[in-house]
Amino acid sequence: MSSRTLENKQPQRRPSSGFEFLKGVGQITGGTLLSITMLTSSIVAGGLVGLAISFRNLPDVRQLRNFLPSETTYIYDIKGKLLASVHGEANREVVPLDRISPNLKRAVLASEDGHFYSHHGINPTGIGRAIVVNAVAGGVKEGGSTITMQLVKNLFLSQKRAITRKLAEAVLAIRLEQILTKDQILEMYLNQVYWGHNNYGVQTAARSYFDKSAETLTLGESAMMAGLIQAPEEFSPFASMKLAKQKQKEVLGRMLELKWITQQEYDNALKQEIKLGRIRSFQGSALPYVSNTVSQELAKKFGRDALLKGGMRVQTTVDAKFQTMAEDTVKKWHKTLSGQGLYKNQIALVAIDPRTHFIKALVGGVDPKVSEFNRATQALRQPGSSFKPFVYYTAFATGKYGPDSTVIDAPVSYRDGNGWYYPRNYDGSFGGAMTIRKALSVSRNIPVIKLGKAVGMSKVIETCRTLGIMSPMEPVTSLPLGAIGVTPLEMTSAYATFANYGWQSPPTIIARITDSSGNVLLDNTPKPQLVLDPWASAAIINTMQSVITEGTGKNAAIGRPSAGKTGTTSSEKDIWFVGTVPQLTTAVWVGRDDNRQLASGATGGVMVAPIWKDFMTKALKGVPVENFKPPSQFPRPKSN
């Protein structure tokens, strides 16, 4: 409904109708009361001009021309499904006036300010009446506020009831009406006002109370919502449908009195069945690990204030169904491993598309309701032998070594401070001469340490930094055995770069961010850069294929070309499987939060590879089988 329509529909209010509630107050007669009110109204109207000059320290209302109310940030999956809403005190979604039901606009005006479109910020009669009532009561009982006065109170002034504050409201209201149109003020008011249950503005309130947009509210729903403004929690239909219906009837009665609705509309609205929605403001995320990770990224990039109040629309890289499948897989295997003696186990799983480095699934633990600690992004755990491919890649990148180069698996010792370090293999045996392919596929320790020393541990660290692993590292002899802390996300991203033949984009869970008006704030369209040698990347992928076909990762075989590596740390505190196909890279970690041993003999190949296989089998259902590019498709680096 336009402002002009509303203005033309308002009848001239009879003075007596405004005073019916004062019958019987003290010894004041109706005639005396009317005279006092008219006199007071004249004094108020004339005096406010002087007050407008004297109130020099009041806020400058001109800043409202560019005012942006705090607004809820919404997080969606890749297909547009709402995952979470993030906000501070105010849960608000701003909507323009033409997307608010005319029923609601009329109901609010009838309830709060029937002369809105005909006054200039204050209603002298209303203020005069309030002063008389307050004088009789000996305190502030009646407000007399217009919608404009309510708006400036909400935006600029304290909620404390006092005569001086009412005067300040009036002055600011007059000033505001000089710089904004009536429609602008009404739109701002409807988006600003508190509706109860942490809902600010009509849109979030309509969704919460009636599970619909503010644009589609019926007359009955609108009258009920308008009745909430003065005491939202008290008159909330969630708290008392009886009181809510009572307020609804009062609002409809006022609309009928103003002739803004017919008797038939009044009757029909009262009879309408009210179907309640649900309180949404404090509900958790559908996918907490995803939305919490997104929130942390937003706070880091834009600041916490922008996250809670900026009204951003965030499209993640995650498909909700795919993520749910990943979470279900983790829960299932948590029970299975517990039954196998791995008590108090936690599991993290991260899946990335190596072609885009978009995160497709991110599971930070067994149950986010029990613990929201995100082990996928926050837990620094030792990768064990799943670190070895970084060493072998570094060797391949020199051009001096290839998958079929020979290494010697024999006893060796290295000076370590004041003593000596004697590296040993997991089973305590030695295999003699073997290819790098064989050494990696059966996860021998001594050959990888020898190769790390040969190419330089600092070069291995350089490779890790290029791959995005930022944990502290020292070029010590045991580095190739994974004696550092990494996150499952870092491991997944690193392997994904191998799977994309050295091409890398920053791993991200955010595809795109806009503001509430649709302006793009961030576009994470992949912009891959070549950060590794393609031949060496293809060579390490080719070598890791043997881990699954003939090595420690046989339990991860999924019936299509795949490459990966098991990882088991000393004392079986951390066990891993990290693997990839050309279209999807996934890391699975299992450990305990207290960093104690899982179980004697627990290994990544036996315990974790089956989890990876189960997840990848479901994840790749319907995805075409692809072969990796062989190293021969790329020029081999020249050795120095």
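Modeller: Contact means heavy atoms within 4.5 Å. The model is predicted.

Colleague: Which residues does Phe498 touch, not counting residues up to four places away in sequence?
Modeller: Phe498 is among the residues with the most contacts inside the largest nonpolar core. Skip residues up to four places away in sequence, and Phe498 touches Pro389, Phe390, Tyr393, Leu467, Leu532, Ser537, Ile540, Ile541 and Met544.

Colleague: How many residues does the largest nonpolar core have?
Modeller: Nonpolar side chains tend to be buried together in soluble globular proteins. Here, the residues with the most contacts inside the largest core include Phe390, Tyr392 and Phe615. The count for this core is 113 residues.

Colleague: Which residues is Pro534 in contact with, leaving aside neighbours within four places in sequence?
Modeller: Pro534 lies in helix α21. In space, Pro534 is 8.0 Å from Pro635, C-alpha to C-alpha, though the two are 101 residues apart in sequence. With neighbours within four places set aside, the contacts of Pro534 are Tyr501 and Phe634.

Colleague: Which are the edge strands of the open sheet of five strands?
Modeller: The strand order is β8-β7-β19-β18-β17, with antiparallel pairing. An edge strand here pairs on one side only.

Colleague: What is the bridge partner of Gly564 in β18?
Modeller: β17 pairs with β18 (residues 574-581) in the antiparallel sense. Six bridges join these two strands. In β18, Gly564 is partnered by Gly579.

Colleague: How many residues apart in sequence are the parts that Lys79 and Asp319 tie together?
Modeller: Their side chains form a salt bridge at 3.1 Å, N to O. Lys79 is in the loop between β1 and β2, and Asp319 is in the loop between β6 and α15, so the pair links parts separated in sequence by 240 residues.

Colleague: Is Lys79 buried or exposed?
Modeller: Exposed means over 50% relative accessible area. Lys79 has 67% relative accessibility, so Lys79 counts as exposed.

Colleague: Is Asp319 buried or exposed?
Modeller: The cut-off for buried is under 20% relative accessible area. Asp319 has 16% relative accessibility, so Asp319 counts as buried.

Colleague: How far apart are the closest N and O atoms of Arg375 and Asp593?
Modeller: Arg375 is buried, with a relative accessible area of 1%. Asp593 is partly exposed at 45% relative accessibility. The two form a salt bridge, and their closest N and O atoms are separated by 2.8 Å.

Colleague: Where does Arg444 lie?
Modeller: The side chains of Arg444 and Asp409 meet in a salt bridge of 2.9 Å, N to O. Asp409 lies in strand β9, and the pair ties together parts that are 35 residues apart in sequence. Arg444 itself lies in the loop between α17 (436-441) and α18 (445-455).

Colleague: What is the relative accessibility of Arg444?
Modeller: Asp409 is buried, with a relative accessible area of 1%. Arg444 also counts as buried, with a relative accessibility of 10%.

Colleague: How many salt bridges does the structure hold?
Modeller: Some share partners and join Lys332, Asp614 and Lys618 into one network. The structure's salt bridges number 18.

Note on methods:
Residues numbered from 1 in each chain as written. Predicted model: local features only at pLDDT ≥ 70, side-chain atom pairs only at ≥ 80, totals over all residues. Heavy atoms only, no water. Core = buried A, V, L, I, M, F, W, Y, C linked by side-chain atoms within 4.5 Å. Buried < 20%, exposed > 50% of the residue type's maximum accessible area, 1.4 Å probe, protein only. Pairing = 2+ DSSP bridges. Helix = DSSP H or I, 4+ residues; strand = E, 2+ residues; numbered from the N terminus. Salt bridge = Lys/Arg side-chain N within 4 Å of Asp/Glu carboxyl O.
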